[in-house]
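Biologist: Could you take me through the model shown here? I would like to begin with the terms.

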Amino acid sequence: MDQEKYAIIDIGSNTIRLVIYTRDKSGRFTESENVKAVARLRNYLNEENILEREGIEILLKTLQSFQEVTRHHQLKAIKCVATAAVRQAENQDEIMAAVESETDFTMRILSEFEEANYGYLAVVNSTPFASGITVDIGGGSTEITYFDNRQLIYFYSFPFGALSLKQQFIQGDTPTKGELRELRSFLKEQFDQLEWLADKRLPLIGIGGSARNMAQIHQEHIEYPFSGVHQYVMSKDDVEEVNGLLKSLEFSELQRLEGLSKDRADIIIPAVEVFRYLMEFIDTKQFALSRKGLRDGVFYEETTKDFDLSVFPNVVEESFHELAIDYDINLIHAFHVTNSALLISKELEEVGLLSLEEEDYKRLKLSSALYNLGSYIDSESSHQHTFYLLSNRTIDGLLHKERVIVALMASFKNREIFKRNVALYEKWFGKDELAKFSLLGAIIKLAYSLNATKRDIVKAIELEEKDEELIFSVQCSEDWKPEQYQVEKQKKHLEKQLKKTIDFKFYK
């Protein structure tokens, strides 16, 4: 059976990219091919804003190269969109006609609003931020949006990008101190026009290649122990540190810098200057990277148009449903494990042995539903596989630290393995936090035992405290002996952490 495929060609001012999405067994489209060409079309836009013939030829040759790929995959559904370099060109009709006559593609030129809106859609559908400022620095334009409560409030598109800033202010491969002063003065003059942007004190969320490269450089620089850059968070000091590193290097060293694409070595410094100034202007200490951007926004719009729903109701729930399909999670069983974990936690809170915030309950629910997910690979070492899968797979809606927390709780087997799993990330957490996550992991493990036969027989759980003993009364709808056996085996993990003897009494 042929797989359904869909493609987007993104004609930017610096790069041109072809991305192919394939529908997987869950019914969703995932990225299966990603082909990039560095075209730098912005360099061929002359003073009269005419895209010169050489630039048009580079565009056509790149698209004809992509055409070989799309024909091989027998693709029919192809979106071809162009941004600032073509949008700003006075001869855009000529460019569009050339593309239509000499390639398989029909090019659509995105308006400033469309380009900004697609970036916003990508962020709200793939990150946990309900409010924030997005910045997408392309080669020839910079799109800024402000969204609040996941709704787009304001947008603005500046007619400059990393490539045009380099052309305008930097003569050599790297800037002089005088050139940097002029660049910063220009950025201040430009961004200060946006009164709605000043002092927002919201996260700045970077989209696009320059933001991704800055995050990658920082990860390499600090030997970051985690995989992936999507939803990676940097502080203002981190951004300053990267900026200082970049300015300290010769151009030949920049080209070899780990995390930095060689073709961005000459434009990364002006891009980072934009991020620096924006963080100062909106008065934020948090920069986050969204690997999802314009192409993903176009894709979200296209694939949800039949549902009149371009913004997902809940990003984490969407991610959970993807995990459930990918790893054959029994949703009814997951619901009952989660319910038992919540009942046990609330009973422990009643007697003062546990104190949870709203965020802890969200973690508890997700970790309970994902508990033992690694059995999909191998039941004998399922805890090990659970931790590896959850800590190494990008989960939209969970920042890296949250992903580690969920992985630790969902993979809990005993305190020794918990300590081994957390070893790389210990600096991220305080002692009390780790004690709480370990305790919640033990609760989840016990809740899992209460549905050992997947018959969903637990109806109610109540707790009574007598001296140093905790007595859980568990109401069941059917014979409970298999569950009782498992609970007696596993309750020791909770006893050790609560320093209490625990007894379970089952009844109908």
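Modeller: For the residue classes, Ala, Val, Leu, Ile, Met, Phe, Trp, Tyr, Cys and Pro count as nonpolar, Asp, Glu, Lys and Arg as charged, and the others, Gly among them, as polar. This is a predicted model, in which local features need pLDDT of at least 70, side-chain atom pairs count only at pLDDT 80 or more, and totals for chains, interfaces and linings use all residues. Residues are numbered from 1 along each chain as its sequence is written, and side-chain values use heavy atoms, with hydrogens and water left out.

Biologist: How many cavities of 30 Å³ or more does a search of the whole structure find?

Modeller: The search finds two. On a 1 Å grid over the protein atoms alone, a cavity is a set of points where a 1.4 Å probe fits but cannot get out, and lining residues have an atom within 4 Å of a point. Grid points are joined across faces, edges and corners, and a volume is the space filled by probe spheres set on the points.

Biologist: Which residues lie nearest the centre of the largest cavity?

Modeller: They are Asp 10, Asp 136, Gly 208, Gly 209 and Arg 295, out of a lining of 30 residues. The largest cavity holds about 430 Å³ of space. By class, its lining has six nonpolar, 13 polar and eleven charged residues.

Biologist: And what lines the second largest cavity?

Modeller: Its lining includes Glu 115, Tyr 120, Asp 136 and Thr 145. Helix 4 (112-124), strand 6 and strand 7 each give two or more residues to this lining; helix 4 gives the most, with four. Helices (H or I, at least four residues) and strands (E, at least two) are DSSP runs, numbered from the N terminus.

Biologist: Turning to strand 7, is it mostly covered or mostly uncovered?

Modeller: Strand 7 (residues 142-148) is mostly covered, with six of its seven residues buried, where buried means under 20% relative accessible area (1.4 Å probe, protein chains only).

Biologist: Which strands does strand 7 pair with?

Modeller: Strand 7 pairs in the antiparallel sense with strand 6 (residues 132-137) over six bridges, and seven bridges join it to strand 8 (residues 151-158), also antiparallel. Two strands pair if DSSP finds at least two bridges between them.

Biologist: What is the bridge partner of Val 135 in strand 7?

Modeller: The partner is Ile 144. Towards strand 8, Asp 148 stands opposite Gln 151. The hairpin of strand 7 and strand 8 has two residues between the strands, and Asn 149 there takes a positive phi near 50°.

Terms used. Buried means under 20% relative accessible area, exposed over 50%, partly exposed in between (1.4 Å probe, protein chains only). On a 1 Å grid over the protein atoms alone, a cavity is a set of points where a 1.4 Å probe fits but cannot get out, and a pocket is an open set with protein on both sides within 12 Å along at least five of seven lines; lining residues have an atom within 4 Å of a point.
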